[in-house]
Amino acid sequence: MQIRRARERVPQAEFIHADATAVSCGAASFDAVVSFFALIHIPVAEQPPLLRKIA
């Protein structure tokens, strides 16, 4: 629902719904990454590699 609303309000942007630990994107693919409360649902051991991948 939130992505649908975002797409309606910002149609020129690209919004991706995916498993953060499994999605594969090229380097410098994004201008920004936003995550509200998602990290607390990812096992602690998987968080550092994920954050390095995002950075």
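**Close-up views of a predicted chain**

**View 1. The lining of the largest pocket.** Sorted by type, the lining residues of the largest pocket come to 23 nonpolar, six polar and four charged. Here Ala, Val, Leu, Ile, Met, Phe, Trp, Tyr, Cys and Pro count as nonpolar, Asp, Glu, Lys and Arg as charged, and the others, Gly among them, as polar. This is a predicted model, where local features need pLDDT of at least 70, side-chain atom pairs count only at pLDDT 80 or more, and totals for chains, interfaces and linings use all residues. Residues are numbered from 1 along each chain as its sequence is written, and side-chain values use heavy atoms, with hydrogens and water left out.

View 2. The volume is about 1,300 Å³, taken as the space filled by probe spheres set on grid points joined across faces, edges and corners. A pocket is an open set of points on a 1 Å grid over the protein atoms alone, where a 1.4 Å probe fits, with protein on both sides within 12 Å along at least five of seven lines; lining residues have an atom within 4 Å of a point. Of the 33 lining residues, I16, F30, A32, V33 and V34 lie nearest the centre.

**View 3. V33 in its loop.** V33 sits in the loop between α1 (2–9) and α2 (47–54); helices are DSSP runs (H or I, at least four residues), numbered from the N terminus. Is V33 buried or exposed? V33 is exposed, because its relative accessible area is 51% and exposed means over 50% (1.4 Å probe, protein chains only).

Technical notes:
Helix = DSSP H or I, 4+ residues; strand = E, 2+ residues; numbered from the N terminus. Buried < 20%, exposed > 50% of the residue type's maximum accessible area, 1.4 Å probe, protein only.
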